[in-house]
Amino acid sequence: MAAKKKAKKKAGKKRKPNAAFMKPMKPDEHLGAIVGMKPMPRTQITKKLWQYIKKHKLQDKKNRRMINADVKMLKLFGGKKQVSMFEMTKHASKHMK
């Protein structure tokens with residue numbers, strides 16, 4: 001009986017976002033060319049990167065986990081023509097202050 005009450009309490013509890021992810025970060029000129037120059041949380045920057053990727057059809061057609069770079073993304077990815085979606089966030093974080 002006690003286990004059911006605990007499960008209900010956990011299900012009703014809303015997760016708080018990590019403060020580090022919500023801190024506004026200022027993009028440099030390479031990242032700013034894609035997401036804009038105004039400071040915003042990391043989560044928002046990642047969201048805007050994905051909007052750009054989908055708008056310009058940069059996701060690899062065979063392996064959807066890979067992102068193909070266009071001219072703007074090449075600068076962001078340090079010259080790599082293709083990176084995984086996990087590498088993308090790592091490269092993007094290098095371009096935030």
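Helices here are DSSP runs of H or I with at least four residues, strands are E runs of at least two, and both are numbered from the N terminus. On that count, the protein chain has six helices and two strands, laid out along the sequence as α-α-α-α-β-α-β-α.

A quick word on the model: it is predicted, so local features need pLDDT of at least 70 and side-chain atom pairs pLDDT 80 or more, while totals for chains, interfaces and linings use all residues. Residues are numbered from 1 along each chain as its sequence is written, and side-chain values use heavy atoms, leaving out hydrogens and water.

Of the 97 residues in the protein chain, 30% are buried. Buried means under 20% relative accessible area, exposed is over 50%, and partly exposed lies in between (1.4 Å probe, protein chains only).

Now for the charges. The structure has one salt bridge, meaning a side-chain nitrogen of Lys or Arg within 4 Å of a carboxyl oxygen of Asp or Glu. K80 and E87 make it, at 2.8 Å from N to O.

K54, K57, K61 and R64 form a positive surface patch. Patch members have over 30% relative accessible area and no salt bridge; like charges are joined within 9 Å, and nonpolar side chains (Val, Leu, Ile, Met, Phe, Trp, Tyr) within 5 Å. One of the four, K57, sits in the loop between α4 (42–55) and β1 (66–68).

Here is how three of these charged residues compare:

| Residue | Relative accessibility | Class |
|---|---|---|
| K57 | 65% | exposed |
| K80 | 37% | partly exposed |
| E87 | 22% | partly exposed |

How values were computed. Accessible areas come from the Shrake-Rupley method with a 1.4 Å probe; for residues, only the protein chains shown count as cover. Lys and Arg count as positive and Asp and Glu as negative; His and the chain ends are not counted. The place of a charge is taken as NZ of Lys, CZ of Arg, CG of Asp or CD of Glu.
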